[in-house]
Amino acid sequence: MGWIYVIIGGILEIGWATGLSLSEGFTRPVPSIITAILILISFYFFSNSMKLLPIGTAYAVFTGIGAAGTAIVGMFILGDGVSTLKILFVALLIFGIIGLKMSDKEEQEERGAQ
């Protein structure tokens, strides 16, 4: 369940990070309100995940999902520049997130075997 919380929180982080841009410094009311709500809900899910997962792994995955997702939204929806290097490094970030999740699963299995 902890991983589900992290994933939901990370996806919502993509939403609120995008909302920060769309709110134009909190000068546009509707995007500002939506952004604030997404921040609260995102951190609710993230804080619940930390009850079940190691903090370092949970935080790295949470921020990684948000960073990778926001970069992808920026490049493909908001008109940020796209380059081979950007795509390569976002892919590297995603592989790092997967690696952290897999290493945590492996660590839990080792604890169970002892």
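Predicted model: local features only at pLDDT ≥ 70, side-chain atom pairs only at ≥ 80, totals over all residues.
Contact here means heavy atoms within 4.5 Å.

Helix α1 covers residues 2–22 and helix α2 covers residues 29–49. Their axes come within 8 Å of each other and cross at roughly 160 degrees. Angles over 145 degrees count as roughly antiparallel, so α1 is roughly antiparallel to α2. The crossing of these two helices is left-handed.

Which residues bring α1 and α2 together? On the α1 side, the residues that meet α2 are G2, Y5, V6, I8, G9, L12, E13, G15, W16, G19, L20 and L22. Facing them from α2 are P31, T35, L38, I39, I41, S42, F43, F45, F46, N48 and S49.

Now follow α2 to its other partner, α3. These two helices pack at an angle of about 150 degrees, and their axes are 10 Å apart. With 145 degrees again as the cut-off, this pairing too is described as roughly antiparallel. Here, however, α2 passes α3 in a right-handed crossing. The contact is formed by S42, F43, F46 and S49 from α2, together with A58, Y59 and F62 from α3. Its residues divide into 5 nonpolar and 2 polar, with no charged ones.

Leaving aside residues up to four places away in sequence, F46 touches Y5, A58, Y59 and F62.

F46 also leads us into the largest nonpolar core, which has 11 residues in all: W3, V6, I14, F46, L53, A58, V61, F62, I65, V73 and I97. The elements that give two or more residues to this core are α1 and α3, the latter spanning 55–76. Which element gives the most to this core? That is α3, with 5 residues.

Our last stop is T57, which lies in helix α3. Is T57 buried or exposed? A residue counts as buried when its relative accessible area is under 20%, so T57, at 13% relative accessibility, is buried. Beyond residues up to four places away in sequence, T57 touches W3, L100 and D104. W3, one of these neighbours, is itself a member of the largest nonpolar core.

Definitions and conventions:
Residues numbered from 1 in each chain as written. Heavy atoms only, no water. Axes fitted to C-alpha atoms, helices over the stretch in contact; angles between N-to-C directions. Helix = DSSP H or I, 4+ residues; strand = E, 2+ residues; numbered from the N terminus. Parallel < 35°, antiparallel > 145°, perpendicular 65-115°, else oblique. Left-handed = near helix turned anticlockwise from the far one by under 90°. Core = buried A, V, L, I, M, F, W, Y, C linked by side-chain atoms within 4.5 Å. Buried < 20%, exposed > 50% of the residue type's maximum accessible area, 1.4 Å probe, protein only. Nonpolar A, V, L, I, M, F, W, Y, C, P; charged D, E, K, R; others polar.
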